[in-house]
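Dear colleague,

I am passing on a structure that you have not worked with before.

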Amino acid sequence: VDIPAGDPQHATLAIYDLRGRTVRTLVERPLEAATYSFSWDGRDDAGQPVPSGAYIYRMKWGENQSTKKMLLMK
């Protein structure tokens, strides 16, 4: 994701199951203007592996957000 120039913006990147339950929060902090890349190890917030399948990830920064679907394959 690209965070545009300006003041640092609070950002959140979370992964959800298809029922809308939060599986893992990967980012929850202010980010400076830059291009970022994040990866997920297929574990939930408790460190337990999650099953293969479809998940949703949502990145929010400032007043912007992006939501996409992804497949976790093991």
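**Surface, fold and one residue**

The chain exposes about 5,100 Å², of which carbon and sulfur atoms supply 48%; accessible areas come from the Shrake-Rupley method with a 1.4 Å probe, and for residues only the protein chains shown count as cover. Please keep in mind that this is a predicted model, in which local features need pLDDT of at least 70 and side-chain atom pairs count only at pLDDT 80 or more, while totals for chains, interfaces and linings use all residues. Residues are numbered from 1 along each chain as its sequence is written, and side-chain values use heavy atoms, with hydrogens and water left out.

Of the 74 residues in the chain, 26% are buried, where buried means under 20% relative accessible area, exposed over 50%, and partly exposed in between (1.4 Å probe, protein chains only).

As for the fold, the chain has six strands and zero helices, and from the N terminus on its elements run β-β-β-β-β-β; helices (H or I, at least four residues) and strands (E, at least two) are DSSP runs, numbered from the N terminus. The C-alpha trace spans about 40 × 20 × 20 Å along its principal axes.

Thr22 is placed in strand S3, which covers residues 22-31, and it counts as partly exposed because its relative accessibility is 45%. Not counting residues up to four places away in sequence, Thr22 touches Ile15, Tyr16 and Asp45, a contact being heavy atoms within 4.5 Å. Thr22 and Asp45 are 23 residues apart in sequence, and their C-alpha atoms are 8.7 Å apart in space.
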